[in-house]
Amino acid sequence: LPSCKALAECLTLSLEKLNRESMLVDPEIARQITAKILHLIQTQEKTRKEIVSKGSSGMEVILATLEVFVCVSLSVPGGGRRIGVFVSKGGTGILLQLVISASKESPPSEEVMLQLHSVLAKVGQKDRKFGVKARLNGALNVTVNLLKQNLQNYKLLLPCLLVLQVCLPSAVNAVSLGKNGVVELMFKIIGPYSKKNTSLLKVSLDTLGALLKSKTNAQRAVVHVPVLLYIYQDWHRNDTRHRHILIRKGILSCLKNITNIKLGRKAFIDADGMRILYNTSTECLSVRTLDPLINTSSLIMRKCFPKNRLPLPTIKSVFHHQLLHVPAGGPVAQLYNQPLGMDDVVDESDNNEEAEAENDMENEVEEKDHHAGNDDIETDINKLRPKETHSRPFEELKIYERFFMELSEDFQKGVTATPAAPKSHRPIIVPTAQALPPKTPTAAPLQGECPHPAPVPALDLDTINITKDQDGCGDHTHSRTHPGAGLEQELVQGLERVSLDGPPILAGGVAARLGGEGEEMLAEDWAEEEESSEEGVLHVPDTALLLPLHDPDLYVEMVKSTSSVPQFSEVAYPDYFGHVAPTSREHILERVYGVQRTKIFQDIERLIHPNDILDKVVYDLDIQSCPVVDGGESLKFNSQFESGNLRKAVQVRKFEYDLVLNSDINSNHYHQWFYFEVSGMRVGAPYRFNIINCEKSNSQFNYGMQVLMYSVQEAISGRPRWVRTGTDICYYKNHFSRSSIAAGGQKGKSYYTMTFSMTFNHKDDVCYFAYHYPYTYSTLKMHLQKLEALRTPQTYLREDVLCETLGGNSCPLLTITAMPESTSNDQICQFRNRPLVFLSSRVHPGETNASWVMKGTLEFLMGSSPLAHSLREAYIFKIVPMLNPDGVVNGNHRCSLSGEDLNRQWQNPSPELHPTIYHTKSLLQYLAAIQRAPLVFCDYHGHSRKKNVFMYGCSLKETVWETNISATSCELHEDLGYRTLPKILSQMAPAFSLASCSFVVERSKEATARVVVWREIGVQRSYTMESTLCGCDQGKYKGLQIGTRELEEMGAQFCVALLRLKRLTSPLKLRNHAHLLDVESDLTETRCKGSRSDTHPLTRSLTHTHT
Ligand SMILES: [Zn+2]
């Protein structure tokens, strides 16, 4: 019998042979051999000592076997589990213990250490607690000491660094390693370009990069920023064949992490980092494989670009509307109590908030709010149940009876007469509003008569009030903020404004047509302003046939009775001429590779070559007289007309302009909507426009949406239309930001740039740019007046003034239905008992598409088609086409003059601050009180971040399913009727997408029209209909940007869908419409099966960013 010793030797030899032979050796054989060795070691103390003793290779062989085992395991499918078993049996601990034991020998065996670390680096990847174990047992320190003592021993360094890397995800380890001098150590290993040891360098950089994610380590590394930049340049210069991109990327990653802290950014700027990265990146631009380097460089440069405040005296709106009633805790009081200089931006120190994904550069990361939505779902089931408490006493609601005359109309005075359209001349006196100072009634817009002027409130210290005498009815007070001084100047300017009594002044200085055909007149100051008087003759395109609801003269009349805070005295051409939808298709733009990067680099150039920058203010609403622009060198801008929004324009380069949008009135943000005029352009020059104070983190401008442009020359040539225009469009975070105070407590919020380029085709043109197809309040009034003219004796149309807005505009309410066929009891009864459909739109002024959809609805409803007639016979329509006239008039994006989002006020609207919402809700409360709650309620909106048209509705069940409440959802009773209308729409309206609909109730939406009407009024079919501002990615219009034709079609299709809904919901007719019945059964089936796991695709899309 061989001795135990001999057997052990024999076994280790065969193991060694096995290791040498192949990695793919059957682990079973290795297991058998090691099992025998184990047995020997356990039973024979002497053998154990011999195997692990110095000079014997036993230990090394066993470790090598283990390494083979780990490698093989990692390389075969399911092998990870085998290592998992090893880990779970305490393998990591044993290995770490071996490190400790080995470190106690002096000197430690290099070979054992090397093998131990090789194995540990691999095992560590499969052990989530590896870092903690290594630290606690002390092995981490051993590794660090080993590193320190073997800086020249590249063979040993590599596995040790790999072990450190595995330990680094633990933040505690990162900090403790930093304290232990490992950051410094790494800087000793990394160095300039060398063909040697590149894999070690790569691992060192990765380790360093991981260490620098800790702020304290980043602080330690700040002094090394110049070194890193030097090394980066060295590799950039020498790695001409781009074989070491990963090393170069590793250096940049270290810089990226250091510049997460303020000191790091400062060190980077001081070390000329901007210029170095800018230059190296520009040299890389032609090589596509170097994109990762350019992208990371660009990320670092953007982060380090000194933060700046917007070039404005204050970010508060340039216009201020003095509210009669300013609630103490409200947004306006808060805003105007802010200290001076609150906009000032400081580089917000060590925030990691900037740690954005690197792929935000060029990768199309579509919206990710799928998850964001989840936190927002209402989980309180009591808030999802009908609310019956706060309903108001009927006595209080009774005054709204007069808006529902059709419900009591008996037509005894003769059916042939059109219903007297009793326009309300007086605003409603609100019983609860005793505190309100006496409010003077204003003429209804279409009447043009003028009641008595109201007393002007006393002057505020901070503001100045200018009374505008408008056709004699001067009862509105307006004022303007004063960033600087110049009260008198402003007064003078305000008084000098041209009154609308004279000939209409069109923006752009071209005279408008007055009166009837052929009669052309010059605007008063035309001759003074422009040199050429030849062009005073203006040919108004004849659009009467194409645009039956448009009439330029009528438009000007409407403008005269529109009240604006800035007291606009000009009319923009597009609103005057009208818009005829183009016949050609406008495709969603393909994104050109590298555009965003190029634009960002051009921005960075401003810092690197400051002398190339003109920085010339060419338009500025904040100073009393906008700068006079010299002849031909700069563009001229203007935004002082209804719905206009542009606060400032700065020429930065010969053909490049920075544009700043104005905040919503009485607020300091919500910049998105723009509408302005440009003239003085050069034909063919490559203009670039940058809107520099956008706020949302992403935009459809990154996904193919273009801006809208209207050329007056084109209009005069017979093409009066808004067209999608602009190239090189993109949207990205810039270096402007606002202070945390100004941002309402949020850390200094960055602004975003929306940039587009374009060339102009006509000399002496006046062009307009807008975020979306404009639709002004005056346009609405014109359309309503024209619609009234379309009324036939069979149509019942009434227009009431629901109330006056804060700004003194009236909010129209329409009632549309069919006249009864006769005065017989039956007919009158049918007439009065028609179900109601309640529609509203344009609560958000920037969502002009909602108005175009509403126009489609109104035109269809007033139309002469048999469908329209059936629809009128089927329902009584109550429509508030513009819930926020003041916001629309004044060029706001989101708010009313109270500085608030009106679609967040439905729970408790104030009659003083939110009159349109208060009274619209009252109408609905009145209807509920008389048991006539509408069958359908729908509020039209626009969505800035999603494509297609879709609906948000409210469902208790679907909300509960989305939450993790294991509530007995099956026992919840809920009618599925809310799904019918969207389903019908998806079958007939090409732009409509059912997949984008959602019926989940979110907490953040609990005060919106949709949710309140559902919960408080009890309308099961209560919706928000969202129309894209961009275009469609499904259906007939797939790949096309949305236009007014498609939007109007959507509004018409909505009506047709209501007709189908009517047929489906009236039980008598069900049998005759078997095919439609499928819709319902189809829906019912889907829902019945609905468990949480197989919910309808509908519920999966949880993107409710925008109601
Ligand atoms: Zn909206």
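1. Contact here means heavy atoms within 4.5 Å. Leaving aside neighbours within four places in sequence, Ile 300 is in contact with Leu 252, Leu 255, Lys 256, Thr 259, Phe 268 and Leu 277. Its relative accessibility is 0%, so Ile 300 counts as buried (buried means under 20% relative accessible area, exposed over 50%, partly exposed in between, with a 1.4 Å probe and protein chains only). The C-alpha atoms of Ile 300 and Asn 260 are separated by 8.9 Å, although the two are 40 residues apart along the chain.

2. A word on the model before going further. This is a predicted model, in which local features need pLDDT of at least 70 and side-chain atom pairs count only at pLDDT 80 or more, while totals for chains, interfaces and linings use all residues. Residues are numbered from 1 along each chain as its sequence is written, and side-chain values use heavy atoms, with hydrogens and water left out.

3. Helix α10 (residues 154-167) holds Leu 161, a buried residue with a relative accessible area of 0%. Not counting residues up to four places away in sequence, Leu 161 touches Leu 147, Met 186, Ile 189, Leu 200, Val 203, Ser 204 and Thr 207. Between the C-alpha atoms of Leu 161 and Leu 208, 47 residues apart along the chain, the separation is 9.9 Å.

4. Next comes an open sheet of 6 strands, with mixed pairing and the order β6-β8-β9-β11-β15-β14; two strands pair if DSSP finds at least two bridges between them. At the edges stand β6 (616-620) and β14 (727-737), each with a single partner strand, so one side of each is left without a neighbour in the sheet. From one strand to the next, the twist averages 25° (axes are lines fitted to C-alpha atoms, for helices over the stretch in contact, and angles run from 0 to 180 degrees between N-to-C directions).

5. Which strand pairs with β9 in the parallel sense over 4 bridges? The partner of β9 (residues 656-660) is strand β11 (residues 687-694), and Tyr 657 stands opposite Phe 689 in β11. Helix α27 (residues 595-608) lies across β8 (648-653), β9, β11, β14 and β15 (750-758), and runs at about 45° to β14.

6. A further open sheet has 5 strands in the order β7-β10-β16-β12-β13, with antiparallel pairing. Its edges are β7 (636-638) and β13 (722-725); each has a single partner strand, so one side of each is left without a neighbour in the sheet. The twist here averages 30° from one strand to the next. Strands β12 (residues 707-711) and β16 (residues 766-770) pair in the antiparallel sense over 4 bridges, and Leu 708 has Ala 770 in β16 as its bridge partner.

7. Strand β18 (residues 810-818) is worth a look: 9 of its 9 residues are buried, so β18 is largely enclosed by the rest of the structure. Both faces are covered, with Ser 810, Pro 812, Leu 814, Ile 816 and Ala 818 on one side and Cys 811, Leu 813, Thr 815 and Thr 817 on the other.

8. What are the partners of β18? Strand β17 (residues 795-804) runs antiparallel to β18 and is joined to it by 9 bridges, and Val 801 has Pro 812 as its bridge partner. The hairpin of β17 and β18 has 5 residues between the strands, and there Gly 808 takes a positive phi near 85°. Strand β20 (residues 876-880) also pairs with β18 in the antiparallel sense, over 3 bridges, and Ile 816 stands opposite Phe 877 in β20.

9. Now to the zinc ion. Its protein donors are His 844 (ND1), Glu 847 (OE), Glu 847 (OE) and His 941 (ND1), lying 2.1 to 2.2 Å from the ion; donors are N, O and S atoms within 2.8 Å of the metal (3.2 Å for Na, K and Ca), and water is not among the atoms, so sites may look incomplete. The spacing of the donor residues in sequence is H-x2-E-x93-H. Distant parts of the chain are linked this way: His 844 is in the loop between β19 (836-841) and α31 (848-861), and His 941 is in strand β21 (residues 936-943), 97 residues apart. Both His 844 and His 941 are buried.

10. Why is the arrangement around the zinc ion irregular? The 4 donor atoms subtend angles of 59 to 150°, which makes it so. Four donors count as tetrahedral if all angles lie between 85 and 135 degrees; four count as square planar and six as octahedral if opposite donors are over 155 degrees apart and all others between 65 and 115; anything else is irregular.

11. Last, UniProt places the feature "active site" (unreviewed entry) at Glu 1026; such annotations may be inferred rather than shown by experiment, with feature names shortened and positions given in the numbering used here. Glu 1026 lies in strand β23 (residues 1021-1028) and counts as buried at 0% relative accessibility.

Conventions
Helices (H or I, at least four residues) and strands (E, at least two) are DSSP runs, numbered from the N terminus.
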